[in-house]
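Have a look at the sequence and the structure first, and then we can walk through them together.

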Amino acid sequence: MKKKEFLRFLKEKANFIRKQTIKFHLAIPETRIASSLSCIEILVTLYYGKIFNFKNDRIVISKGHGAISLYPILIDLGFLKNIKIENKKSLSLLGSIPDINLPTINLINGSLGHGLGQGCGIAIAMRMRKLNGKIFVLIGDGELYEGSCWEAIMFAGHHRLDNLIVIVDNNKISMLDYCKKIINLEPLDKKFQDFGFESKSINGHNILDLYNTLTSFKKSSSKRPKLLIANTIKGKGVAKLEKNPLCHIMSLEKKDVKEILDKKL
Amino acid sequence: MNQIESIVLREKLIEEIYKIMKKDKNIFFLTDDFGAKALDKLRRDFSERFINIGIAEQNLINIAIGLAYEGFTVFCYGISTFITMRCYEQLRNLSLFAELKEFNINIIGVGTGYSYELSGPTHHCVEDISIMKTLPNFMIFSPSNEFILKYIVDFSIECKKPKYIRLEGKPLKKFTYIYKKKNNFSDGLSILKEGKDFYIIGTGNMTHRAIEVAEELEKYKINAGVIDLYRIKPINSELLIEIVKNVRGIITIEEHLLAGGMGSAILEVLADNQINLPVKRFGVRDKYLYAYGGRENIQKICGLDKGSIVKDTLDWVKKI
């Protein structure tokens, strides 16, 4: 496949997974939809863009509540058999926060602020065993209020964990407000850089940018941990969510998303 | 009972870990910048597998989780108060991950009870049994002497579950004949002295107090046996009941809050098995101590010195 076609394929997958994630949410309204919509392109690029190698790489999902889009991805890829988004009964096997028994996922956390440290442990272990793979850690920006994140960031920089790739789903909204109103995290890249990270800030819904940056991180020979700041929109694709700083705790009804679901790919 | 020379449990435990790390390359040792003499050798010889995480217990446990996920055995070393309480949610995450997968992580907490006798209540560790006991999938060891340490280390490698090993921080008296019969480590408890009237159950440093109390009670014609409870979770309830079923009552001694401690675990075992035996618990009442002036002084304040325990026991015996 040529790169252009490949990118189109990824974009179509992202649209498909977005629709499926919304359908999943409509079936189980307790799930956190806004937080899950912001990281769809990130997960699609990792899973369908051949960035994340199931065999050699590891992935820790630290913002577990915002990862229900993993379900449609894993169903589509054939990892979750006998489960259909259309079948509510089969969905009852799945929690609103996926657990560590989910295929391809190494560790996943419901409580925030733990994944980065766990990822550092995996990075050290992989280095010790001389494994070539990478360890990806997906975190949220609001999660960075947890002090344990910074303990791990200091550690990763000092130990030059060059096999660690941290992706921040920078959707700029926490549960109750915009992060900049709670405690401003910016300039985020500078903070990480000061702790020894190599960082890049991109549009987290732009598949080309995601693909190129993650590919260059995978190939990089720099001895530093990597940070991808994926600037995203919380609730991406659903107007009602995109505009509301309280979207984290909002659930959708069919009429809210009818247009998106009806749209042909 | 002959008591000769003293022993610092952590030094001995680290020596055992050193031996096993030399043979087994699959072991990491993490510390939160907390040391011991014996650590120097370990740090020097296993520089790749010894990591000083810094004063960051939350990160220490998370890193241990990552390492253990990849199949390494991990020892996590720190002051008992901080390596349990500062990172309690990380330990809870470990406990819930361990429900689904193998995680061989061994938390070594040093300085239980009033080991840090001069540092005041921030360093007193009188809640650890209670909070660690409540975490599913965790085992708890509370050794009183050096014989057990080798078994604990061997078992740590073999049993791929989270464990909490709590250690007295100060030197303990070394006993020459502490275990009369050949002890079976997997029993989780050991009879140090057979008893006809009562059994005194001690754990950690308080097993030594239990022996002193039992000897003193002989002067009052009370024959009390002594049990060293070195595995607090799971308690070997079958063996415990077998031992105590024919005595008049049980006395428990711990340098820990009474709420949720070892004594309360014994009460649960008895109640859950319909054993109706009087129990006298010695431990710390519901308060924090701003007390200094040495360990003995602190123990006296909370009624855990030999004299207070003997006196209170004699009063209690008259009532039952």
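Which residue forms a salt bridge with B:Arg295? The partner is B:Glu168, and the closest N and O atoms are 2.6 Å apart; a salt bridge here is a side-chain nitrogen of Lys or Arg within 4 Å of a carboxyl oxygen of Asp or Glu.

This is a predicted model, in which local features need pLDDT of at least 70 and side-chain atom pairs count only at pLDDT 80 or more, whereas totals for chains, interfaces and linings use all residues; side-chain values use heavy atoms, with hydrogens and water left out. Residues are numbered from 1 along each chain as its sequence is written, and chains are lettered from A and ligands numbered from 1 in the order in which they are written.

**Confidence**

- Chain B has a mean pLDDT of 95, with 96% of its residues at 70 or more; pLDDT is the predictor's confidence in each residue, on a scale from 0 to 100.
- For the complex, the predictor gives an ipTM of 0.97 and a pTM of 0.97.

**The two domains of chain B**

- Chain B splits into domain 1 (2–173) and domain 2 (187–319), with bounds that come from an automatic or database domain assignment.
- The centres of domain 1 and domain 2 of chain B, taken over C-alpha atoms, are 25 Å apart.
- Contact (heavy atoms within 4.5 Å) links 34 residues of domain 1 of chain B with 33 residues of domain 2 of chain B.
- About 2700 Å² is buried between these two domains of chain B, and carbon and sulfur atoms give 59% of that area. Buried area is the accessible area (1.4 Å probe) that two parts lose on being put together, summed over both.
- Across this domain interface the rule finds 1 salt bridge, and 21 residue pairs are in polar contact, both residues being at pLDDT 80 or more. A polar contact is a pair of N or O atoms within 3.5 Å; within protein, one must be able to donate a hydrogen and the other to accept it, and residues adjacent in sequence count only if both atoms are side-chain atoms.
- On the side of domain 1 of chain B that touches domain 2 of chain B, helix H6 (128–133), strand S6 (139–141) and strand S8 (172–175) of chain B each supply at least two residues. Helices (H or I, at least four residues) and strands (E, at least two) are DSSP runs, numbered from the N terminus.
- H6(B) gives the most to that side of domain 1, with 4 residues.
- By class, that side of domain 1 has 15 nonpolar, 11 polar and 8 charged residues. Ala, Val, Leu, Ile, Met, Phe, Trp, Tyr, Cys and Pro count as nonpolar, Asp, Glu, Lys and Arg as charged, and the others, Gly among them, as polar.

**Where chain A meets chain B**

- Here 26 residues of chain A are in contact with 26 residues of chain B.
- The area buried between chain A and chain B is about 2200 Å², and carbon and sulfur atoms give 60% of it.
- The count between the chains is 1 salt bridge; A:Arg58 and B:Glu70 meet in a salt bridge through their side chains, at 2.5 Å from N to O.
- Polar contacts between chain A and chain B come to 11 residue pairs, both residues at pLDDT 80 or more.
- Strand S2 (107–108), helix H6 (115–128) and helix H7 (147–158) of chain A each supply at least two residues of the side of chain A that touches chain B, and H6(A) gives the most, with 8 residues.

**Backbone spots to look at**

- Most residues other than glycine have a negative phi, and most peptide bonds are trans.
- The peptide bond from A:Glu186 to A:Pro187 is cis, with omega near -5 degrees.
- B:Lys233 and B:Pro234 are also joined by a cis peptide bond, with omega about -5 degrees.
- A:Thr104, although not a glycine, has a positive phi of about 75 degrees.
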